[in-house]
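Hello,

Here is the structure I promised to pass on. Please open it first, then read the notes below.

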Amino acid sequence: TESGKGRYVPRSVCVDLECGVIDQLRMGPQGGMFNPANIITRESGAGNSWAKGHYTEGAEVVDEILEVVRKEAENCDRLQGFQLLHSLGGGTGSGLGTLMLKKLREEYPDRMLCTFSVLPSPKTSDTVVEPYNAILSLHQLIENADQVMCMDNEALYNICHRTLKLASPTYGDLNHLVANVMSGVTCSFRFPGQLNSDLRKLAVNLIPFPRLHFYTTGFAPLTSRSNMAYRTHGVSEITKLLFDPRTIMAQCDTRTGKYLTAAAIFRGKMSTDDVETAMSAVQQVNSPQFVEWIPNNIKSSVCSVEHQGLKTSATFLANSTSIKEIFMRVGSDFSHMFRRKAFLHWYTNEGMDEMEFTEAEANVNDLIMEYQQYEQASVEEEGESYAEGDTEQGDLQEGESEANTSLGGDEFGLE
């Protein structure tokens with residue numbers, strides 16, 4: 001939003017149930033950018049408990065947050081949707097984050113709800129009760145979010161170490177990677193371009209079935225500064241990098257699953273013909289990694305304005321069945337703990353019921369089964385089902401003709 005003095009203020013609301021992290025933001029180099037009225041904190045914290053963030057501590061502050069969101073939404077000329085940044089491992093991001101998602105769905109049912117969700121990492125864990133918080137949050141994301149961009153800290157650390165050659169990456173380096181993806185997703189409706197895109201167009205082209213709205217994300221080029229002078233970053237090179245598993249910001253191997261759909265958002269001065277040619281070539285090379293029953297399942301868009309510091313770049317969003325690896329890993333950890341009712345009293349003491357855990361686990365398991373089902377589906381299976389239907393219809397028509405002959409009239413025939 002542009003203020004009266006010609007100053008640009010981020011149209012964002014910063015929320016935390018403890019003030020430590022927000023205080024660091026206020027005192028940091030970007031602290032003066034944010035509107036103080038849009039920063040909401042409390043002192044108690046959520047104590048790494050989804051129940052506290054969702055039912056007790058978070059429920060007390062959610063009306064105040066919604067009022068601030070309403071004021072920002074009223075200042076928008078054409079409100080397209082909301083982007084929610086949160087972590088699924090702690091208490092505030094998972095509990096209060098999903099509560100906010102539910103409230104926004106009720107208040108703005110026709111707007112897009114897009115989340116950038118930091119999922120639990122396979123090796124590094126911040127909290128012991130992370131599996132509980134993650135499964136309860138995923139249950140809400142399945143029901144209330146339109147699009148979920150999945151990432152985790154371990155994958156981001158691996159990119160910093162292996163690709164960017166950073167000896168000791170900081171959270172600032174990790175956040176920079178996330179910011180690159182966020183900037184790429186929204187660039188088409190912030191700047192002019194040849195092939196425009198927006199949150200709703202992404203959803204329409206990337207989500208074949210309502211519940212399968214979890215994306216893996218990537219960005220290219222990601223090159224260390226020492227190698228920058230020796231690399232060319234044409235459209236073809238960038239397109240190949242997008243499909244490299246090492247650029248994916250979630251700890252799952254896209255080679256073990258299949259792409260249902262994918263989207264590539266290019267930035268810089270390039271022709272749409274070069275983009276289409278490069279995307280077609282990569283899809284032909286990687287054809288075994290795409291499902292057969294969705295033809296032309298890659299969406300591409302081009303924004304003419306360059307990414308800061310890069311002549312050409314691209315953001316990658318993929319609806320891949322390999323994302324189920326993350327859900328299976330978290331679900332396994334959840335079931336091991338829940339089977340013995342470990343740490344459960346911290347949640348039931350806040351008013352939760354054990355049935356909520358059971359429902360959340362069942363919902364995530366159903367999602368995993370859906371991804372497996374569509375990964376194994378083929379065009380031949382569809383053809384066989386149609387063929388069987390035609391045979392049954394043919395038998396029915398034959399039986400009807402016999403009945404008509406014996407009864408001596410056409411009034412019993414079905415057309």
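**Salt bridges and a surface patch**

Arg111 is partly exposed, with 25% relative accessible area. Keep in mind that this is a predicted model. Arg111 pairs with Asp110 in a salt bridge, and their closest N and O atoms are 3.0 Å apart.

The structure holds 14 salt bridges. Side chains of opposite charge can pair when their charged atoms come close.

Take Arg105 and Asp146. Their side chains meet in a salt bridge at 2.8 Å, N to O. Arg105 sits in helix α3 (residues 92-107), and Asp146 in the loop between α4 (130-144) and β5 (147-151), so this pair ties together parts 41 residues apart in sequence. Both Arg105 and Asp146 are buried.

Next, look at Glu370 and Arg211. Their salt bridge spans 2.6 Å, N to O. Glu370 belongs to helix α12 (residues 354-376), while Arg211 is in the loop between α7 (199-206) and β7 (214-220), so the pair ties together parts 159 residues apart in sequence. Glu370 has 18% relative accessibility. Buried means under 20%, so Glu370 counts as buried.

There is also a network of salt bridges, which links Lys52, Glu57 and Glu350.

Now the surface. Val128, Phe343 and Trp346 make a nonpolar patch of about 340 Å². Phe343 is in the loop between α10 (324-339) and α11 (345-348). Phe343 counts as partly exposed, at 35% relative accessibility.

Best wishes

Key
Residues are numbered from 1 along each chain as its sequence is written. This is a predicted model: local features need pLDDT of at least 70, side-chain atom pairs count only at pLDDT 80 or more; totals for chains, interfaces and linings use all residues. Side-chain values use heavy atoms; hydrogens and water are left out. Patches are made of residues with over 30% relative accessible area and no salt bridge: like charges are joined within 9 Å, nonpolar side chains (Val, Leu, Ile, Met, Phe, Trp, Tyr) within 5 Å. Accessible areas come from the Shrake-Rupley method with a 1.4 Å probe; for residues, only the protein chains shown count as cover. A salt bridge is a side-chain nitrogen of Lys or Arg within 4 Å of a carboxyl oxygen of Asp or Glu. Helices (H or I, at least four residues) and strands (E, at least two) are DSSP runs, numbered from the N terminus. Buried means under 20% relative accessible area, exposed over 50%, partly exposed in between (1.4 Å probe, protein chains only).
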